[in-house]
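This report walks through one structure, from its sheet to its aromatic contacts and then to its helices and single residues. Please keep the sequence and the model in view while reading.

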Amino acid sequence: MTGSGLIETLAPRIERVAGRLPRRVFVLTSGPVWALWNKTFLASFPEAPIVLFLEPGEKSKTLASVEKLLRQMARGGGDRGSLLIAFGGGIVGDVGGFLAAIYMRGISCVQVPTTFLAQVDSSVGGKTGVNLPEGKNLVGSFHHPLAVFADIGVLGTLPDRELRAGLMESVKAGIIRDRTLARFMEEHVDEVLARDAKALEKVIAASIRMKASVVNKDEREIGLRMILNFGHTVGHALEQATSYKALLHGEAIGWGMIAALFLARKRGTVSGSQFNRLESLIHLYGPLPKLKLKAKRVIAATGGDKKNVGGVRRFVLPIGIGDAGVVEDVSPSELEAAVEFMLARADARPAK
């Protein structure tokens, strides 16, 4: 559900979805989010939930954090009838969903995303998990939430950099599946970046519809759903190569999309004019940060991507605007050329 004022009426909304409010409710959140929104969040609950905290940042998206939180749930009296609410950004949503998937072999979960990125992408589709030093999201499970409540009101406190990074996932949605969304984002960039409620709701709703439609056709990512990874092969490698410290996820995906667009232009799945249009669209929602990396380091990091099968790197390439496909025959020289192009583009951009 997308709209305004959802958080302050959350408990009755959960009751309508679940049939009743469980006896034991846990909330996983971060300190900054809870400090801003705890009074609003708690307003509709007859009894305060047990609040669990996760430190902000990818550094907390680990198995060690999961074990600590699981033990807190056990000490808090969690049972198989308990409910976990993930209230925060994408990391809270990923870890919270994973906790719900494995505690007591699975309890119910509700996602209440507080960042744009989480609202349009990570809260939808049931993917949960944590990172290993060897790669991003290598440990996880598919565990669909009972409901997702995307409250546009919380975006008013979101830093501009995080909003722009989140919008990269909506740009992705337009490029691979919804040319109408891509056109809207081209024509209404000022309204979207100014957080106009109608413009944001249109972008969020269209992004969610696109992802939900794809997930419904391929829940376990064995076919069509793989197109949602456009920009992620190189994007995840950038995150790993920078130790998850220099880039927000959406920023890494933005650069990853540019690398993939380069491959698409070379292979002829997009024309030169389409390449220019789509690269310009990505930069409209920038600026993307500079990249102080060597190509060899980025290329090596692509080998740890969880989408690889049998040592083959899988790439999602756009086919025109509004369609995409998966290729498994990208040669080492093609990959090197794409990464070199991306790094050259990053070096030429104004510093953020």
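In what order do the five strands of the open sheet stand, and is the pairing parallel or antiparallel? The order is E3-E2-E4-E5-E8, and the pairing is parallel. The model is predicted, so that local features need pLDDT of at least 70 and side-chain atom pairs count only at pLDDT 80 or more, while totals for chains, interfaces and linings use all residues. Residues are numbered from 1 along each chain as its sequence is written, and side-chain values use heavy atoms, with hydrogens and water left out.

**The sheet**

Helices (H or I, at least four residues) and strands (E, at least two) are DSSP runs numbered from the N terminus, and two strands pair if DSSP finds at least two bridges between them. Strand E3 (50–53) and strand E8 (147–148) stand at the edges with a single partner strand each, so one side of each is left without a neighbour in the sheet. Strand E2 (residues 25–29) pairs with E3 in the parallel sense over four bridges, and Val27 stands opposite Val51 in E3. E4 and E5 pair in the parallel sense over six bridges, with Val112 in E5 as the bridge partner of Phe87. Strand E5 (residues 108–113) has five of its six residues buried, so it is largely enclosed by the rest of the structure; here buried means under 20% relative accessible area, exposed over 50%, and partly exposed in between (1.4 Å probe, protein chains only).

**Aromatic pairs and charges over rings**

A search of the whole structure finds six aromatic pairs, where rings of Phe, Tyr and Trp (its six-membered ring) pair if their centres lie within 6.5 Å, planes under 30 degrees apart counting as stacked, over 60 as edge-to-face and the rest as tilted.

A charge sits over a ring if NZ of Lys or CZ of Arg is within 6 Å of the ring centre and within 35 degrees of the ring normal. Lys202 lies over the face of Phe184 at 5.3 Å from the ring centre, and the charged end of Arg265 sits over the ring of Phe275, 4.2 Å from its centre.

Among the buried residues of H14 are Leu335, Phe341 and Met342. The buried residues of H14 pack against helix H10 (232–241), H11, H12, helix H13 (295–302) and strand E10 (315–318), contact meaning heavy atoms within 4.5 Å.

Thr302 is found in helix H13 and, at 0% relative accessibility, counts as buried; its side chain reaches the backbone oxygen of Ile299 at 2.6 Å. Ser271, by contrast, is found in the loop between helix H11 (249–267) and helix H12 (272–284) and counts as partly exposed at 30% relative accessibility.

Key. A polar contact is a pair of N or O atoms within 3.5 Å; within protein, one must be able to donate a hydrogen and the other to accept it, and residues adjacent in sequence count only if both atoms are side-chain atoms.
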